[in-house]
Amino acid sequence: MSETALNGNAVESLHIGNTRVRICDDYCRFRTPEEIKAILDRIALRAIGSLTAETTRGYAET
């Protein structure tokens with residue numbers, strides 16, 4: 001595991017079963033609000049495509 005992954009700026013830690021999850025804000029920590037909005041918009045576009053494909057999967061077959 002990389003040094004950054006071990007020493008990132010953790011904003012939340014939780015356990016899911018036997019797995020420890022640390023959520024870090026290193027990617028967005030020193031970005032402007034405009035840059036953060038652009039990042040979140042890109043994530044939303046990718047997610048909506050996957051969600052739409054998943055929810056419409058059975059409709060073309062009927």
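Asp 41 and Lys 37 both belong to helix α2, where a spacing of 4 residues, about one turn of the helix, separates them. In this predicted model, their side chains meet in a salt bridge, with an N to O distance of 3.0 Å. Side chains of opposite charge can pair when their charged atoms come close. The structure holds 1 salt bridge. Lys 37 has a relative accessible area of 51% and is therefore classed as exposed, the cut-off being over 50%.

Together with Leu 45 and Leu 51, Ile 48 forms a nonpolar patch on the surface. The accessible area of Leu 45, Ile 48 and Leu 51 together is about 330 Å². The relative accessible area of Ile 48 is 48%, so this residue is partly exposed.

With regard to the overall arrangement, the protein chain contains 2 helices and 2 strands. Along the sequence, these elements follow the pattern α-β-β-α. The protein chain has 62 residues, of which 3% count as buried; the term buried applies to residues under 20% relative accessible area.

The two strands are paired. Strand β1 covers residues 10–16 and strand β2 covers residues 19–24; the two run antiparallel and are joined by 6 bridges. Ile 16 has Thr 19, in β2, as its bridge partner. The hairpin of β1 and β2 has 2 residues between the strands. In this hairpin, Gly 17 adopts a positive phi near 65°. In a regular strand the side chains alternate between the two faces of the sheet.

Arg 31 lies over the face of Tyr 27, at 4.6 Å from the ring centre. This placement is counted as a charge over a ring because CZ of Arg must be within 6 Å of the ring centre, and the distance for Arg 31 and Tyr 27 is 4.6 Å; the criterion also requires a position within 35 degrees of the ring normal. For pairs of aromatic rings, the count comes to 0, where a pair would require ring centres within 6.5 Å.

Technical notes
Residues are numbered from 1 along each chain as its sequence is written. This is a predicted model: local features need pLDDT of at least 70, side-chain atom pairs count only at pLDDT 80 or more; totals for chains, interfaces and linings use all residues. Side-chain values use heavy atoms; hydrogens and water are left out. Patches are made of residues with over 30% relative accessible area and no salt bridge: like charges are joined within 9 Å, nonpolar side chains (Val, Leu, Ile, Met, Phe, Trp, Tyr) within 5 Å. Accessible areas come from the Shrake-Rupley method with a 1.4 Å probe; for residues, only the protein chains shown count as cover. A salt bridge is a side-chain nitrogen of Lys or Arg within 4 Å of a carboxyl oxygen of Asp or Glu. Buried means under 20% relative accessible area, exposed over 50%, partly exposed in between (1.4 Å probe, protein chains only). Rings of Phe, Tyr and Trp (its six-membered ring) pair if their centres lie within 6.5 Å; planes under 30 degrees apart count as stacked, over 60 as edge-to-face and the rest as tilted. Two strands pair if DSSP finds at least two bridges between them.
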